[in-house]
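This report describes one protein chain for a reader new to structures. Please look at the sequence and the model before reading on.

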Amino acid sequence: MSALTPEQVRSIAHLARLSIEAEEEARYAKTLTNILDFVAALERVDVTGVTAMAHPLDQPQRRRPDQATEPDVRAQAQANAPKVEAGLYLVPKVIE
């Protein structure tokens, strides 16, 4: 892949809502280009015949039982709310 331009780095920084200094653009361009080159190299790897795994060590996932472990305190919590309806908190409209 060709190296990222300073304009591309500024665009990426804007999309990520990051503030970077102009003197840092070259360093970021090099680092991001290296990352993209690595991803491109991974995409070229032949994985034909390789079974996908959910765990890197091919171990089963540990799962806990799907059951409530804490008491239901919704009614107690909502007793303090100014307005409640059907188990939901009612709040004033703040956006027109």
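In which helix is Glu25 found? Glu25 is found in helix H2. Helices (H or I, at least four residues) and strands (E, at least two) are DSSP runs, numbered from the N terminus. The model is a predicted one, in which local features need pLDDT of at least 70 and side-chain atom pairs count only at pLDDT 80 or more, while totals for chains, interfaces and linings use all residues. Residues are numbered from 1 along each chain as its sequence is written, and side-chain values use heavy atoms, with hydrogens and water left out.

**Two packed helices**

Two packed helices are described by the angle between their axes and the distance between the axes. Here helix H1 (residues 6-15) packs against helix H2 (residues 25-43) at an angle of about 85°, and their axes are 9 Å apart. The axes are lines fitted to C-alpha atoms, for helices over the stretch in contact, and angles run from 0 to 180 degrees between N-to-C directions. H1 and H2 are therefore roughly perpendicular to each other. Angles under 35 degrees count as roughly parallel, over 145 as roughly antiparallel, 65 to 115 as roughly perpendicular and the rest as oblique.

On the H1 side, Pro6, Val9, Arg10 and Ile12 meet Glu25, Tyr28, Ala29 and Leu32 of H2. Of the residues in this contact, six are nonpolar, none is polar and two are charged. In this scheme Ala, Val, Leu, Ile, Met, Phe, Trp, Tyr, Cys and Pro count as nonpolar, Asp, Glu, Lys and Arg as charged, and the others, Gly among them, as polar. Contact means heavy atoms within 4.5 Å.

Leaving aside neighbours within four places in sequence, Glu25 is in contact with Pro6, Val9, Arg10 and Ile20. Pro6 lies in helix H1.

Not counting residues up to four places away in sequence, Thr33 touches Ser2, Ala3 and Leu4.

**Accessibility**

The table lists relative accessible areas; buried means under 20%, exposed over 50% and partly exposed in between (1.4 Å probe, protein chains only).

| Residue | Relative accessible area | Class |
|---|---|---|
| Thr33 | 7% | buried |
| Glu25 | 11% | buried |
| Pro6 | 39% | partly exposed |
| Arg17 | 64% | exposed |
| Ala52 | 76% | exposed |
| Ala86 | 76% | exposed |

**Loops**

Most residues other than glycine have a negative phi, and most peptide bonds are trans. Arg17 is not a glycine, yet its phi is positive, at about 55°. Arg17 is found in the loop between H1 and H2. Ala86, also a residue other than glycine, has a positive phi near 55°. Ala86 is found in the loop between strand E1 (84-85) and strand E2 (88-89).

Ala52 lies in the loop between H2 and helix H3 (74-78). The C-alpha atoms of Ala52 and Val94 are separated by 49 Å, and the two residues are 42 residues apart along the chain.
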